[in-house]
Amino acid sequence: MKWSEDEDGMCKLCGDKLGTVPHILAGCPVSLSQGRYRWRHDKVLKQIADQVKFHCERRVNKRKSSCVTRKAIEFVPAGGRFKEVKRSKVSEFGILSGATDWIVLADLDKQLKFPSDIATTRLRPDLVLFSKASKRVIWWELTVPSEERIAASHELKLDRYNSLQAEIQANGWSCFSFAVEVGARGVVAASLECASRKIGLTGRALKKLVRDCGKDAAHCSRWIYLLSRKREWEMRAV
Ligand SMILES: [Zn+2]
């Protein structure tokens, strides 16, 4: 079916491929070079960075060392049997446990500089968390692919960090690398939840992170779609 005389179904930006939803939202080379996808990627990254930073600064770093071994006091009803008191879990914050000096860096506007006391590299993972006290570094690499390509993106993403990882480990640091995906239409991949749980970001905080990332991706994709007939791209802050 033709909508009008000039409607041939081709992408209005590259004119080279059919203007399908996956093409417009994540596969057009013109959109890519104009920074339309980068804009959406950075919106989602900002959301992740803000919430992970809050988690590290307000929950993990604020934790007093006494909490780690504090015993829970349980009420024993009259005539009730005394229950064995459990220790609160030491591993509550996963990989972040045992240190309270976590710093979070995000590669927004391509500005990240990898901490030079961990390794010298020009690579810029999207999100870097590190603790000098525990000599641990974690990074997240974010992709916002079309939902059809979530699995493929996950496979591809981390290879380029292999040599950096080896160098960091040789310097005596532990290194944890995660690829996370948020689908362009707002379907958040399990990889984001998995990476969050590894740093103790769980429960309501995790639900909020997943919801907000999905919302941001879908919001930006809506604009990318609406403006896919317009050759100029001047998106700044929507
Ligand atoms: Zn195109």
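Predicted model: local features only at pLDDT ≥ 70, side-chain atom pairs only at ≥ 80, totals over all residues.
Author: Residues are numbered from 1 along each chain as its sequence is written, and side-chain values use heavy atoms, with hydrogens and water left out.

Reader: What makes residues the protein donors of the zinc ion?

Author: Donors are N, O and S atoms within 2.8 Å of the metal (3.2 Å for Na, K and Ca), and sites may look incomplete because water is not among the atoms. Cys11 (SG), Cys14 (SG), His23 (NE2) and Cys28 (SG) lie 2.1 to 2.4 Å from the zinc ion, and their spacing in sequence is C-x2-C-x8-H-x4-C.

Reader: Why is the site of the zinc ion called tetrahedral?

Author: Four donors count as tetrahedral if all angles lie between 85 and 135 degrees; the angles among the four donor atoms here are 104 to 117 degrees, so the site is tetrahedral.

Reader: Why are strand 1 and strand 4 said to stand at the edges?

Author: Strands (E, at least two residues) are DSSP runs numbered from the N terminus, as are helices (H or I, at least four), and two strands pair if DSSP finds at least two bridges between them. The open sheet has the order 1-2-3-4 with mixed pairing; strand 1 (103-106) and strand 4 (174-181) each have a single partner strand, so one side of each is left without a neighbour in the sheet.

Reader: How do you know that strand 2 and strand 3 pair?

Author: Strand 2 (residues 127-131) and strand 3 (residues 136-143) are joined in the antiparallel sense over five bridges, which meets the requirement of at least two bridges.

Definitions and conventions:
Tetrahedral: all angles 85-135°; square planar, octahedral: opposite > 155°, others 65-115°.
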